[in-house]
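Student: Let's look at this model together. I'd like to ask where the labels come from, and I'd like you to hold each one up against its cut-off.

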Amino acid sequence: MVRAAVLPAVGAPLEITEIDLPDPGPGQVRVRLAAAGVCHSDLSLSNGTLRVPVPAVLGHEGSGTVVAVGEGVTHVSPGDGVVLNWAPSCGSCHACALGEVWLCVNALNGSADVHARTADGTDLHPGLNVAAFAEETVVQASCVLPLPEGIPLADAALLGCAVLTGYGAVHHAAQVRAGETVAVYGAGGVGLAALQSARIAGASTIVAVDVSPEKEELARGAGATDFVVASENTAREVRGLTGGQGVDVAVECVGRATTIRTAWDSTRRGGRTTVVGIGGKDQQVTFNALEIFHWGRTLSGCVYGNSNPAQDIPVLAEHIRAGRLDLASLVTERIALEGIPAAFENMLAGKGGRALVVL
Ligand SMILES: [Zn+2]
Ligand SMILES: [Zn+2]
């Protein structure tokens, strides 16, 4: 038996309880978690904004050590450090055939599996495939990526969602070039990773926007050259920081209609807005036909940073080893499983960067 944070039903509080994990079957890997980041998507799954089969063990941003492998698993061995990938690609659907593995239609099929049971025998599903809010987990081999050398095991958890997403939003989706100006909306875990990534890309002006003034120090530490406290005047303020014309690129990490609209309004004529935040169906963004023509801007979605984790994690590792990307500074709190509900509250209140559950 191992301890885990279980979502018993949508909208119910998480329960910290003992779960029973089977030995890894063919094509599966058992991992002892070192750490798991608390992502906004975990909160969205617990309150029903996003849906997975329940009861489920949440947590999808994890790292740890392989303790056992099932038949046929050859790319990792017991003792290896690994990063968990919550969106494994099938390799055979239309998106995978196009190389757009982040859009794989089969990526979340594993969430319907039963991967563990509670002490009283209730079936448990692995949240977003990997069930990382637990001391140990059993996952499909495709959810396990070898940890590159020289990266601290616990902090590496962030590579599995926040950093891959923030980096990918800047590097893959917006394709920020050296000298461009960038505004990042929302300075949580993903936003801070996007700020660091804009700095890596050589952006000249990097504006961080957040509702909480206390995020300024964190944001500047991650590479922001300017900080704007979100208000009705945000778009004008951001344009003012670029001589009135607007930023080349806006990265929206909040998922709210008003923020998406503000991000778009803060870009220059021909600017690009990438939406990383996951909002609800009630968040309607409106544009008039004339302004779409006049401004010549683009607005695009971004899933998991439009990343191929197997290709991108070694690249991120090189940025970390060279000192360009810093994982530890994204973590503002190290907590136990029992601390996850309070971390959700902090997220709702707009406080802090990433909370990391140390297991
Ligand atoms: Zn996430
Ligand atoms: Zn696929």
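Predicted model: local features only at pLDDT ≥ 70, side-chain atom pairs only at ≥ 80, totals over all residues.

Student: Why are strand 3 and strand 5 said to pair?
Tutor: Strand 3 and strand 5 run antiparallel, with seven bridges joining them. Two strands pair if DSSP finds at least two bridges between them, so this couple qualifies. One of the facing couples is valine 29 opposite valine 69 in strand 5. As for the elements themselves, helices (H or I, at least four residues) and strands (E, at least two) are DSSP runs, numbered from the N terminus.

Student: Which sense does the pairing of strand 3 with strand 9 take, and what about strand 18?
Tutor: Strand 3 pairs with strand 9 (residues 136–140) in the antiparallel sense over five bridges, and arginine 30 stands opposite valine 138 there. With strand 18, strand 3 has four bridges, again in the antiparallel sense. Valine 38 has alanine 355 of strand 18 as its bridge partner.

Student: What makes strand 3 "mostly covered"?
Tutor: Ten of the eleven residues of strand 3 are buried. Buried means under 20% relative accessible area, exposed over 50%, and partly exposed in between (1.4 Å probe, protein chains only).

Student: How do you know which atoms hold the zinc ion (ligand 2)?
Tutor: Donors are N, O and S atoms within 2.8 Å of the metal (3.2 Å for Na, K and Ca), and since water is not among the atoms, sites may look incomplete. The SG atoms of Cys90, Cys93, Cys96 and Cys104 coordinate this zinc ion at 2.3 to 2.4 Å. Along the sequence, its donor residues follow the spacing C-x2-C-x2-C-x7-C.

Student: Why is the arrangement around ligand 2 given the name it has?
Tutor: The angles subtended by the four donor atoms are 103 to 117 degrees, so the zinc ion (ligand 2) has a tetrahedral arrangement. Four donors count as tetrahedral if all angles lie between 85 and 135 degrees; four count as square planar and six as octahedral if opposite donors are over 155 degrees apart and all others between 65 and 115, and anything else is irregular.

Student: Are cysteine 93 and cysteine 96 buried or exposed?
Tutor: Cysteine 93 has 9% relative accessibility, so it counts as buried. Cysteine 96 has a relative accessible area of 10% and is buried.

Student: What holds the zinc ion (ligand 1) on the protein side?
Tutor: Its protein donors are Cys39 (SG), His60 (NE2) and Cys161 (SG), lying 2.0 to 2.2 Å away. Cysteine 39 sits in the loop between strand 3 and helix 1, and histidine 60 in the loop between strand 4 and strand 5, so the pair ties together parts 21 residues apart in sequence. Cysteine 39 is buried at 4% relative accessibility, and histidine 60 is buried at 1%.

Student: Why say the buried residues of helix 10 line one face?
Tutor: Helix 10 (residues 340–348) has Ile340, Ala343 and Phe344 as its buried residues. Down the helix axis, these fall within an arc of 105 degrees, so they line one face of helix 10. The arc is that of the directions from the helix axis to the C-beta atoms. Those buried residues pack against several elements, among them strand 1, strand 3 and helix 1. Contact, by the way, means heavy atoms within 4.5 Å.

Student: What makes the backbone at alanine 131 and tyrosine 304 worth a look?
Tutor: Alanine 131 has a positive phi of about 50 degrees although it is not a glycine. Tyrosine 304 has a phi near 50 degrees, also positive in a residue other than glycine. Alanine 131 is buried, with a relative accessible area of 0%, and tyrosine 304 counts as buried at 5%.

Student: And which peptide bond is cis?
Tutor: The one joining valine 54 and proline 55, with omega about -5 degrees. Proline 55 is in the loop between helix 1 and strand 4.

Technical notes:
Residues numbered from 1 in each chain as written. Chains lettered and ligands numbered in written order. Heavy atoms only, no water.
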